[in-house]
Every structure is written in C-alpha cells, then in structure tokens.
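Me: Hi, I have a structure open and would like to go through it with you. Could you look at it with me?

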Amino acid sequence: MTEVVSGSKDGVVFWDARNLEAKRSSKPFEPSGAEVSSLSWSSNNHRLCVVPKNGDKIALCELQGEEAPKWTQLSKEGVRFTCGCFMSNSHYLLTGSTDSHLSVCIWDRQKQTVVRNFKVGVLVCQLCLYIRVCMACTHVNY
C-alpha cells in the first residue's frame, strides 16, 4: 500500500494514496500532542521525520507495515527546530534550527547525536531544502 502523510493539530494522519481514505493517525508528541509544521520521508519511505510548530523537538519513526509507528524524539537544549529531512542514505538527519546563530545540524540518527553543526546567516528552511536536494544526488559519508 502506498501511503500519504499529512500533519494535523495534534499529530499525523496516514492516508491510503489510492483512494485517499484515512487509515490511521498517530501522536508523535505524546502525551499532549503538538501541531505539525513539517514532515519528511526517508529515501526508502521507511522513516518519517516530524517537526512540531513550536520546534522544541523532532520526532522520528520507523514504519513497518500497518503497525502503529514507534516514535523517538530528538532535542537540543536552547534550539528551536524549523525543519528536518533525511540525507540520501537515511542514516543521517539534517535539521535547520533557530538558536542564537541560526544553525544546520547533521545528526547520526541511530546514536541521536550531532555529527556536524554549521552556523549560517540565511533563512534556514530554504537552506535545508537546498541541501536536501544536493544530498539526494550525492552519497556522503561522515
């Protein structure tokens, strides 16, 4: 089954892409829920990255068929995330954030640690989109 995911005021909704019927919903930011600002699939469509509107953390899940998603969360003290996307091999996650300097971080998804941190002075979401396109075309090892 091909799925489409949409954000909602308190989580995400998974839809069957063939007939656009809602199949299931999930709250990655339990217990209270949070309005979703941004979603990103991994290149193999087995992982999902969700950024809430308040940006205090990022939720990641591995999707396995019809099972309920199992969410893990990433956060970094003093950082407000604006976007997140998987790099081409899905092992690394790229995040844009607003902190005192505006930064782009590359995270090791499994270790849940920052591998590289870049301070930038441009609109972070636009940079994330640009880097995501570049990384999708290039296999990078860190």
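Me: What is the mean pLDDT of the chain?
Reply: This is a predicted model, and the mean pLDDT of its chain is 76, with 80% of the residues reaching 70 or more.

Me: And where does pLDDT stay under 50?
Reply: That happens over residues 132-142, and for this stretch the model has 18 contacts beyond four places in sequence.

Me: OK, on to the strands. How do strand 4 and strand 5 run, and how many bridges join them?
Reply: Strand 4, which covers residues 36-41, and strand 5, which covers residues 47-52, run antiparallel and are joined by 5 bridges. The two strands form a hairpin with 5 residues between them, and in the turn Asn 45 has a positive phi of about 60°.

Me: Which residue stands opposite Val 36?
Reply: Opposite Val 36 stands Pro 52 of strand 5. Setting aside neighbours within four places in sequence, Val 36 is also in contact with several other residues, including Gly 7, Val 12, Val 50 and Lys 53.

Me: Back to that loop, where Asn 44 sits. What does the side chain of Asn 44 contact?
Reply: Asn 44, in the loop between strand 4 and strand 5, makes a side-chain to side-chain polar contact of 2.6 Å with Ser 42. A polar atom of the Asn 44 side chain also lies 2.9 Å from the backbone nitrogen of His 46.

Me: Why does Asn 44 count as partly exposed?
Reply: Its relative accessibility is 35%, so Asn 44 counts as partly exposed, a class that lies between the cut-offs of 20% for buried and 50% for exposed.

Me: New topic: Ser 26. Is Ser 26 buried or exposed?
Reply: Ser 26, which belongs to strand 3 (residues 21-26), counts as buried because its relative accessibility is 11%, and buried means under 20%.

Me: Which side chain does Ser 26 make a polar contact with?
Reply: The side chain of Ser 26 makes a polar contact of 2.7 Å with the side chain of Trp 71.

Me: Last one: how many residues are in the largest nonpolar core?
Reply: The largest nonpolar core has 12 residues, and both Trp 71 and Val 36 are among them, along with others including Phe 14 and Leu 48. Strand 2 (12-16), strand 5 and strand 6 (58-62) each supply at least two residues of this core. There is also a second, separate core of 11 residues, which includes Cys 49, Leu 74, Val 79 and Phe 86.

Technical notes:
Residues are numbered from 1 along each chain as its sequence is written. Side-chain values use heavy atoms; hydrogens and water are left out. Helices (H or I, at least four residues) and strands (E, at least two) are DSSP runs, numbered from the N terminus. Buried means under 20% relative accessible area, exposed over 50%, partly exposed in between (1.4 Å probe, protein chains only). A polar contact is a pair of N or O atoms within 3.5 Å; within protein, one must be able to donate a hydrogen and the other to accept it, and residues adjacent in sequence count only if both atoms are side-chain atoms. Two strands pair if DSSP finds at least two bridges between them. pLDDT is the predictor's confidence in each residue, from 0 to 100. Contact means heavy atoms within 4.5 Å. A nonpolar core is a set of buried Ala, Val, Leu, Ile, Met, Phe, Trp, Tyr and Cys residues joined through side-chain atoms within 4.5 Å.
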